[in-house]
Amino acid sequence: MSTLTQHESVLGLFEAAPATFLSLRQLGKESFYAQGMPALKAEEYKFTPLAKKLESGLTDFSPAKPVKISADQVKSAVFTGFEGVVLVFSNGQYLPELSNSTEGLTINLLSEIENTPLGSIAKPDKDPFAALNQATFMDGLHLSIENKKSIESPILLLQFHQAQGGQVISPRIWIEAGDFSKATFIDYHISVDAAPYFVNKVVEIKGGVHANITYHSLQEESNQVIEVSNVVTDIQQDSQFTSTQITLSGDMVRNNLTLNLLGSNSVGNMNGLYLLQGKTHVDNHTNVDHTIPHAESNELYKGILTDQSRGVFNGKIFVRQIAQKTNAFQQNNNILLSEDAIINTKPQLEIWADDVKCSHGCTVGQLDEEALFYLQARGIDKITAKGLLLYAFAGEVLDKIEDDSLRNYIVNQIQNRLGSNF
Amino acid sequence: MSKDNQILEDLNSKEYEHGWSVNFETDEAPLGLNEDIIRWISTKKEEPSWLLEWRLKAFKIWQGMTEPTWANVKYLKMDLQALRYYSAPKQSKKPKNINEVDPELIAIYERLGISLHEQKRLQGIAIDVVLDSVSVATTFKETLGKLGIVFCSFSEAVKEHPELIQKYLGSVIPMTDNYYAALNAAVFSDGSFCYIPKGVRCPMELSTYFRINAANTGQFERTLIVADDSSYVSYLEGCTAPQRDENQLHAAVVEIYAGAHAEVKYSTVQNWFPGDKEGKGGIYNFVTKRGICAGDHSKISWTQVETGSAITWKYPSCILKGDYSIGEFYSVAVTNNYQQADTGTKMIHIGKNTKSRIVSKGISAGKSQNSYRGQVQVMKRAHNARNFSQCDSLLMGNQCGAHTFPYIDIANPSAKVEHEATTSKIGEDQIFYCNQRGIATEDAVALIVNGYAKEVLNQLPMEFAVEAQKLLALTLEGSVG
């Protein structure tokens, strides 16, 4: 048995946890011990041996302290043309001096909130890493949007990460969108340098009646980084939740996205794009729980893999017995560009109601030779032609991003890559 | 709406027609499972020592294994020590041909609609009949023998063709494969063996009919089909069991070996007792079936119609080892009342230019749960592998469930893999369309279900297709005609 599977090395993390929310932390700790690190071959972590990775990739299992971030760093990280609120974080800690706000948005530190709602949506017993975060997070932000308030410009959560010797960063965010409110969040993770670390993020999103929440997550960290992200959302009647998960780099990345549709006529849209090269390993697990009749969910995840990268997709649509008249659609498409790239995909349906329309589709393939030939026959060189086709493939997901600055940024990143080894 | 309810009511109230049993003298092993029982079975069957060693080895491995729990089925665990692992009708001496078989036994099969008299049977099907633990008769042996085809019971094959058995037994499904395969390897009692020599096209369908008669017994048969290079065989399997209150275990193993350019078509209509309306009784059907396309250009095709069993746990698979080999899986799984089925396939692409096709149609009614669980794996060296999978589920009634667990694992960029699945109930617009044209709701449902399953039923050999259609009709009686 390794030290990590016996959880000895996480002790340092537990000891360093601040003396806030003691009962909450205790619960997280107990829940983590009850579940343990996912064993090799455990169904939920079958293709993503995180315990092993953490063991070999981390020399130090202690929390990373916030580092100094300059205004210039913020300026250069914000997308060109971005207009909106910027909230800056260093290793999970909020930096108010570099951040701004807007009308209708209330920003509090989690430690300032009495009767904390943490853990009520991202339940610690559902995932060992959510439990670990609950036991060990330092602090984080509580964001709330007023009822009937529509914030048109996006809110950028700019998360800088930097650690020495593979420390642990545990960001924690609570987002609450009031009834009839509207807001867009962009959760952007960047590495300050190339040193390895482990990010264990939990985001809880609570949507009110008729709320419209968009949550984009952009992961662009160094290729030494191990990341686990748990994003859990509860939405109510007539509300809408849209998410986009873009992963461009990292060593081993695991994203758990859970959407609980709790009110009728609610709509969930979950989109994702992973462009992997080198040895990057990305695992997207999504889970939509249809708990009520007349709700809809749409899911589209696309991936382009090259070099020795590995992609894992597991999409689960769960339709409970009372959730009649459910419409649920799921699609996962992958393109493999190299001999050594691997994809493991499992689009899963669990349907307990009969009056439903559910479908899923999944494809794995390569670029269409005929389309490539068509373009080449018209004088477009092979690399450009390939780039065009791949861009068109990814475009279906990118087109769903409303914010121009974010979309343009990702398009640029993709174009830079397509010229090289993609 | 009331008419729909009526149809569902009818469908739920359907009874199992093969639920009778017959009392006759049997030769039984004592209750329980231990090394002595295995020796007892082996002695009873006058087996050579290598086979006994093989069984004991499997038993040791099995003892170290635990029952799998990953399947999407819920059931009370069976006490394996309370079972009898061998039960055979008492026959004074081994019958040489069909005329010497106990008329009482023949009567059982007549009642099931299976005539053992060659002249009475439709031309073109040779049948091996297995009652509880032993094979009672094999027809058309001589006709087949002239072509060099071996078709006989497993125990006979062990005696007469030990070299073939030793070569192929456990070569596709090793005893270490899983809990039930190991159990089967330790206690298997009989089954069918067939060998098609090089270049021979088997002129008739080969068939095995399994019947569980005795109470408190488990049936553990083992089928081994070997198609040598450039041969062809179509193989059918059918099964029924009496209606009893307690659950019975059926843990079979089927191994198929296909040499270069060989083709094996394996069809099964599974109609074990599914339990009564309250979910009491029924067969636990935990079966391991796997074929290997060992040679280039070989082909294995599985077709299954699953209507019976309380619990089904069955994944007929293909290992596509030879270049240009083809694997196919066609399945209709119908569950009603409290039946639970977790079934699907595995297509393992190893050779270059291999192709596989999966068509799975699930129909759930009553309070049943129907799961498709499949895997398409393309290994690193399997260039130009191609797979198409389609798994559709049809739901009838609001208390049943349909689940899909497809695993797609691709490690070669030239692979083209497509998977699609849908779940829905019969569209009201479809029924309405039929109604408008003067087709009664009941007939419309029949029409739609038949059309839905047609893609798979079309794959069955003619005589079987008729039986399968009848079975579908019976399982969903009142809605399918």
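**Confidence, core and contact**

Where pLDDT is low, the predicted coordinates should not be read in detail. Chain A as a whole averages 90, with 96% of its residues scoring at least 70.

Some housekeeping: this is a predicted model, in which local features need pLDDT of at least 70 and side-chain atom pairs count only at pLDDT 80 or more, while totals for chains, interfaces and linings use all residues. Residues are numbered from 1 along each chain as its sequence is written, with chains lettered from A and ligands numbered from 1 in the order in which they are written.

Now look inside. The largest nonpolar core holds 233 residues, and Leu87(A) and Leu157(A) are among those touching the most other members. Such a core is a set of buried Ala, Val, Leu, Ile, Met, Phe, Trp, Tyr and Cys residues joined through C-beta atoms within 7 Å, buried meaning 20 or more other C-beta atoms within 10 Å of a residue's own. Beyond four places in sequence, the contacts of Leu157(A) include Leu87(A), Phe89(A) and Ile173(A).

Finally, the meeting of chains: 30 residues of chain B are in contact with 32 of chain A. On chain B's side, they divide into 15 nonpolar, 10 polar (Gly among them) and five charged (Asp, Glu, Lys and Arg).

Note on methods
A residue is buried if 20 or more other C-beta atoms lie within 10 Å of its own, exposed if 12 or fewer, and partly exposed in between; C-beta atoms are placed from the backbone. Two residues are in contact if their C-beta atoms, placed from the backbone, lie within 7 Å. pLDDT is the predictor's confidence in each residue, from 0 to 100.
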